[in-house]
Amino acid sequence: MSRILYTKTHEYLREEGSAWFLGITDHAQEALGDITFVELPEAGAEFSAGDELATVESVKAVAGVMAPVSLRIIEVNSSLEDAPEVINSDAQGSGWMAKVEVMDPAQLDSLMDQAAYDAMDK
Amino acid sequence: MAANQSKLIFEYDVEGRHGTQVVGGMRNGRVEDHKRRLPQNLVASERLPLPQVGELELTRHYVKLAQDSFGIDTGFYPLGSCTMKYNPKACERYVKHPGFANTHPHQPIESLPGFLRMFADLQDWLADMTGMDQISLTPAAGAQGEFAGMLIFKRYFESRGEHQRTVMIVPDSAHGTNPASAVLSGFEVAEVKCADADGIMNMDILNAAIEKHGAERIAGIMLTNPSTLGTFEKDILAVSERMHEIGALLYYDGANLNALLGIARPGDMGFDLIHINTHKTLSTPHGGGGPGSGPIGVKQHLAPFLPHPHVRSTSDGFEFYRPEQSIGRMKLFHGQFGILVRAWIYILLHGPDGLRRISENAIINANYLQARLKDHYPVRYDKWSDGRDRYCMHEFVASCGRLKKEVGVSAKDIAKALLNSGFHAPTTYFPLIIEEALMIEPTETESKELLDSFVDVMLGLHHTARVDADKLRNLDNLRVTQLDETYAARHIDVRWQPEEQGSAAAG
Amino acid sequence: MTFVPNTAAQRAEMLKLIGVERFEDLLVAIPPDLIMQRQLLVPEAHGEVELGRAVEALTAQNLRIPPGRVFAGGGSYMHHVPSVVDEISSRGEFYTAYTPYQPEVSQGYLQSIYEYQSYICMLTGMDISNASGYDGATTLADAVLMSNYVHKGKRKRVLFAPFVNAEFRNVVDTYAIGMEMETEVLSADSSGRLTVDALRGALSEDVACVIFQYPDCLGYLEEELEQLSAVVRESGALVVFSFYPYTAGLLRTPGELGADIVCGEAQCFGNYVNYGGPYCGFLACREEFVRVLPGRLIGRTVCQRDGEPGMGFVMTLQAREQHIRRNKAMSNICSNQALLALRACIYLGSVGRNGFRQLAALCHANALEAHEKLVNISGVQDAFPERHFFNEFTLRFPGGTAAAIRQRGLQEGMLCGIHPLVESDGTLNSESNAGLVGDCLTFAFTEIHTTEDSDALARLVWEVLSGS
């Protein structure tokens, strides 16, 4: 099973090979409701931990997606632009938003693992 | 025609049918050959697909659309924060006077002393009602008044060399336009939480914000009073004293001024700048979303920055002028003139006693509804933190939180059920700090009998929710239901196009 | 007089239920020092009789110019308002409605705005129109805001083509304060035109958009708009048109000429000139910019109608707006001019495509007729004789006489044109191209003007110039 880490603001990072996949958690998609639009960053862009790198809109809410750690965007899941509902159906799988390179792996230590995220008061 | 929908005006189109005859035939005959005086590369090759519809069909179409709409004239409209009160017919009648309606904005003001007088009257009256030194009538709406106000703050600090004052404090219960206006003017918003205290601003919250951002960086605070919860900001004098002590300014959002006419004035509370929503307090019609009007008022130290044009008195009357360090023009010409005429009429109709009676009755009506509903729809802030009873001003925020938790019935369900009962719904899910909020503002123009019948329905719905929640959700007296907003956002369809029905419009 | 229905007895009963003795007991949270101890300083209450007299007395102080003797435009046009527009829009279901946040009981109003958006798209040649904004100048400022967002704040210069209405430019300048954008007016050549070379020279990588007024504020139609637009687009900047939509009865739409964003005034469609407000600004764009379009948008969607699947209307893409996005919203706007947009809808439906074309042609014909009479008067010069106009044109008068013509007009109950450099409140406006229009007046004509009207204007001009 691949390693998956979470933030308090409901983003996840899932490790696959040397890369990490970033998205919003299943809990976050449920809280937002039917997602209607996603604004994704450009490949190559760099963000510091805590920067807003994308936004997710539902009918009556909008949420910023924060960089869990300092990172560089390798690739974005542009299929979400036409089918944002995939985030609702599979947030932590095919609903990933960006494939990223983690700039400073030490920052990963500040994130939560599955057990800690499940235990978090949401 | 597309499946099962109300017919669009475009679908009545029949080539050869003629609409309203604007000019007589004898003048129409001579126009065709002038086409050659236009640049050929700009001349359109086809007519636009506007529909050819007879005047009777047109009338029936829009009368039907009127019947499928809801106004104050239709029924009770208890939308909190919106002040949906009766729009006097006299205002509508007299604003149509050709002396107003047919005056071109480029007619020199020297030939319009009556209008200057009206502007000056309104400026004086609004200044007295709010306790401000000067009023500018030009902003187009409340949100534009906020924007003008924020720009004035910005220019004021620049004029004093205090460029570092970029932080605007906004409470979490504020209307969304407040933070948006601040950002549009180049400020950074510091949202502060009032939800955990009494729901209003207090000195602990304020001092914490000042400490956090630094006294020298704070430009101001945006408050509405009564607050969005319908509560008077009881610590307002201490708040304004502290803000002025650190060199910052106070902005008053006039959204809730309907509670204060002849009772208390934002100017006396220490506010430096205010806006007034004429479409709330002065009952100019909401018009389905506009036009509104958002005059602003300032204390003297901000007067040099007021928008252009401004009206001032001269030795023999009044004149337009451009204040020395004006932020500039907010909109075309001289403000929302037709709306200002209505506001002028509204004040004349009421007089000093009448204006005070507006606020007295708005407050009594709201407290009456709150008292009768709060056992069933709890009001989070119905006591002060020291345990004293707390009255609301012109509105209050009830909650369906308990119903939601216990039987799964939400504020949205109650709102829809009310619509089914012939009442408009209250404002729901605002302010954001109250769960399952139902924000109710009855206004002064509703009678006790009407309020009682509203209470009966609300209590009945509460009962139904508890015994048979599904029945409440499945009321269907409305012709149109289950409008799918998600579908609308994912399949953007915001205009009719001729291809929908095969164009009858070419040529 | 008030509209409070409750009697003193009812108030007493209500206070008792609330649990207080007197009204003042409800005000305990207000610091006593703040409670007003005097009456407001406003006139005593008027009944309808006194009100009628007050209105008559006020308007009687003014010079009343008959509509047919108003020969001025400048962003506000004296078109006829058909009776059907007034009668229908006066229905209380429309004008006493709030924003249609509850779509189930607002289908009618929502549909009218959808129809309005459709009309605006036709007239502008754009894909998406919002539900309207304050006026043509604030929607122009919105267009600049959009350009700023599209370029993510990296392009900070805004270029105005020559002769964009000064009041429109001033409003953009006000909005630019907050956006920290710089505006500048491009220079015209001796015929008042912007050349492709001049435009190329002014463009750079920091230009967010270029604004063209169509027709310009002198009334002229730029024949090379298509080429100019293409040059702007090549540079990566957006093409914004401030547009008088009545021209669409005869002329190609801004969309066909290369515009990305089109804005302007729908006042000309069934709304009175009303001494300048309220008006109805429209704002439309190409589909790719929908996410940065400020203001309300009404969409058609699926629903249940009489228990069957059907179509209905809702406010859509609300997540762009301030009530959801708060400090990250595209704009702070939270209204539209729904009632005036409704009037525009009724107007366009009432005249139809054939009537609209005829009326537009009549505006043009009336302007041509007046132009011919005026330029034949000795001393009157066409400001730019080789240029074309729709219903507004500019003439040059011998030194000092332009002001005399305006003054004489007021004495005789006529509004004789607008000085291109003077704003509606009388402020003198300076701009780089001012030298070209020093002694000029700009005149506007619509379908309401008759041969007698333009004769009266020509006679007055002749009298002033001949000294009689």
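Strand β13 (residues 480–481) of chain B and strand β9 (residues 298–305) of chain C run antiparallel and are joined by two bridges. Helices (H or I, at least four residues) and strands (E, at least two) are DSSP runs, numbered from the N terminus; two strands pair if DSSP finds at least two bridges between them. Within β9(C), C:Q304 is the bridge partner of B:T481.

This is a predicted model, in which local features need pLDDT of at least 70 and side-chain atom pairs count only at pLDDT 80 or more, while totals for chains, interfaces and linings use all residues. Residues are numbered from 1 along each chain as its sequence is written, and chains are lettered from A, with ligands numbered from 1, in the order in which they are written.

## Contacts of chain C

The contact between chains B and C takes 177 residues from chain B and 170 residues from chain C, two residues being in contact if their C-beta atoms, placed from the backbone, lie within 7 Å. Helix α11 (residues 338–375) of chain C supplies the largest share of the side of chain C that touches chain B, 21 residues. That side comprises 87 nonpolar, 59 polar and 24 charged residues. Here Ala, Val, Leu, Ile, Met, Phe, Trp, Tyr, Cys and Pro count as nonpolar, Asp, Glu, Lys and Arg as charged, and the others, Gly among them, as polar.

With chain A, the contact takes four residues from chain C and five residues from chain A. The side of chain C that touches chain A has two nonpolar residues, one polar and one charged.

## A three-stranded sheet in chain C

Chain C has an open sheet of three strands in the order β11-β13-β14, with antiparallel pairing. Strands β11 (381–382) and β14 (440–444) of chain C stand at the edges with a single partner strand each, so one side of each is left without a neighbour in the sheet. Two bridges connect β11(C) with strand β13 (residues 392–396) of chain C, and C:R396 in β13(C) is the bridge partner of C:Q381.

Helix α11(C) packs on this sheet, touching β11, β13 and β14 of chain C, and its direction makes about 5° with that of β13(C). Axes are lines fitted to C-alpha atoms, for helices over the stretch in contact, and angles run from 0 to 180 degrees between N-to-C directions.

## Domains of chain B

Chain B is divided into domain 1 (9–67), domain 2 (93–350) and domain 3 (353–488), with bounds from an automatic or database domain assignment. The centres of domain 1 and domain 3 of chain B, taken over C-alpha atoms, are separated by 47 Å.
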